[in-house]
Amino acid sequence: QVQLVESGGGLVQAGGSLRVSCAVSGRTASMYAMGWFRQAPGKEREFVAAIYWSGGSGYYADSVKGRFTISRDNAKNTVYLQMNSLKPEDTAVYYCAARYYGDSAYQYWGQGTQVTVSS
């Protein structure tokens, strides 16, 4: 079992920056990847970024490429999403998720953190 707790959301003006964090506790052995997703009001949840737990660079949705950076600190069991040049359309609840080897999808989710970008 794994627990994911997001933090760092808030209100920011367009063009500003924000960093959200995801603290991971519990089973990290055989973890394959961590991802960030978001859901805006009235919209489907969408993929934002992901990173392999073992290392390497992240990969991103086209809508955030060049503005967002995903990183992880395995010593702290924490995954970060640095968001720069924020736009009002980035407003959403941001969720982190965990995927293990052998799973075809992300099976474990945090409770989400609200990010609001004002114009």
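Select C22 and C96. Both residues are buried in this predicted model.

Now show the sulfur atoms. C22 and C96 form a disulfide, with their sulfurs 2.0 Å apart. Next, check the torsion about the S-S bond of C22 and C96. The value is about 55 degrees, so the disulfide is right-handed.

Color the two strands that carry the pair. C22 sits in strand 3 (residues 18-26). C96 sits in strand 9 (residues 92-100). The cysteines are 74 residues apart, and the pair links distant parts of the chain.

Move on to strand 4, residues 31-39, and pick R38 there. Is R38 buried or exposed? Its relative accessibility is 5%. Buried means under 20%, so R38 counts as buried.

What does the side chain of R38 make polar contacts with? Display E46 first. Its side chain makes a polar contact with the side chain of R38, at 2.6 Å.

Leave out residues up to four places away in sequence. R38 then touches E44, R45, E46, V48, S63 and V64, among others.

Definitions and conventions
Residues numbered from 1 in each chain as written. Predicted model: local features only at pLDDT ≥ 70, side-chain atom pairs only at ≥ 80, totals over all residues. Heavy atoms only, no water. Disulfide = S-S within 2.5 Å. Helix = DSSP H or I, 4+ residues; strand = E, 2+ residues; numbered from the N terminus. Buried < 20%, exposed > 50% of the residue type's maximum accessible area, 1.4 Å probe, protein only. Polar contact = N/O pair within 3.5 Å; in protein donor to acceptor, adjacent residues only side chain to side chain. Contact = heavy atoms within 4.5 Å.
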